[in-house]
Amino acid sequence: IELISFTGEYLEDRVLLNWSTATEINNDYFTIERSRDGLNFEPIGFVDGAGYSTQLLNYKFEDVEPLEGTTYYRIKQTDYNGDFTYSKIISIKRTFKNTPGIQSLYPNPVKDNLYVTYKLKLKLNENAKLRLLSVTGTVLNEYILDESVSVQQIDLSDLQKGVYLLHFESNGAVQIEKFIKL
């Protein structure tokens with residue numbers, strides 16, 4: 001096949017993947033694969049190929065149970081004889097525009113100060129927490145989030161270089177985001 005595009009976008013509660021082919025020869029089917037780390041992929045769906053085509057064809061697939069945070073996708077195209085090729089890998093970050101949680105963290109990688117934007121919908125006598133964790137899960141610091149503020153600045157100048165996690169918790173919902181300290 002001649003794959004001319006492969007894109008994706010997060011829409012409300014699902015990820016919509018789109019791809020187009022210019023030509024297809026012996027194209028049996030596409031396997032949609034996803035990964036948390038961009039290295040270890042698992043199949044999540046199949047779309048039939050056209051077999052033979054010399055015209056532009058558009059395909060789509062919806063991941064109706066997307067993973068938290070950043071998810072990596074690729075397409076495995078399989079011919080009738082079993083030969084296969086992989087598309088480029090794309091990443092889609094699940095955003096939380098309308099639901100409580102971390103909206104973004106920047107810069108990433110970070111040198112000294114990390115800024116975390118978040119959205120809260122707290123009930124009476126309830127609070128939201130943001131925990132700074134090592135990759136092994138050790139709690140390094142904890143912050144109580146204020147509903148009247150939407151950005152938390154975290155001073156990381158004393159941390160060693162490495163990979164760390166931010167653990168957001170509110171109303172029983174949990175979100176974990178990874179970042180790199182330079």
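The protein chain contains 0 helices and 14 strands, where helices (H or I, at least four residues) and strands (E, at least two) are DSSP runs numbered from the N terminus. Along the sequence, the pattern reads β-β-β-β-β-β-β-β-β-β-β-β-β-β. The radius of gyration is 20 Å, well over the 16 Å that the globule rule gives for 182 residues, so the protein chain is more spread out than a compact globule. This radius is taken over C-alpha atoms, and the globule rule is 2.2 Å times the number of residues to the power 0.38. Taken along the principal axes, the C-alpha atoms fill a box of roughly 60 × 35 × 20 Å.

This is a predicted model, in which local features need pLDDT of at least 70 and side-chain atom pairs count only at pLDDT 80 or more, while totals for chains, interfaces and linings use all residues. Residues are numbered from 1 along each chain as its sequence is written, and side-chain values use heavy atoms, with hydrogens and water left out.

Of the 182 residues in the protein chain, 40% are buried; buried means under 20% relative accessible area, exposed over 50%, and partly exposed in between (1.4 Å probe, protein chains only). A nonpolar core is a set of buried Ala, Val, Leu, Ile, Met, Phe, Trp, Tyr and Cys residues joined through side-chain atoms within 4.5 Å. The largest such core has 19 residues, and Leu114, Leu130, Leu166 and Phe179 touch the most other members. Two or more residues each come from β8 (101–106), β9 (113–119), β10 (128–134), β11 (139–145) and β13 (162–170). Apart from this core lies another, of 15 residues, including Leu17, Phe30, Phe61 and Ile90.

Contact means heavy atoms within 4.5 Å. Not counting residues up to four places away in sequence, Leu166 touches residues including Ile102, Leu114, Leu130, Ile154 and Phe179.

Thr31 lies in strand β2 (residues 14–35). Thr31 counts as buried because its relative accessibility is 5%. Leaving aside neighbours within four places in sequence, Thr31 is in contact with Pro43, Gly45, Phe46, Arg74, Ile75 and Lys76.

Val163, in strand β13, has 36% relative accessibility and therefore counts as partly exposed.
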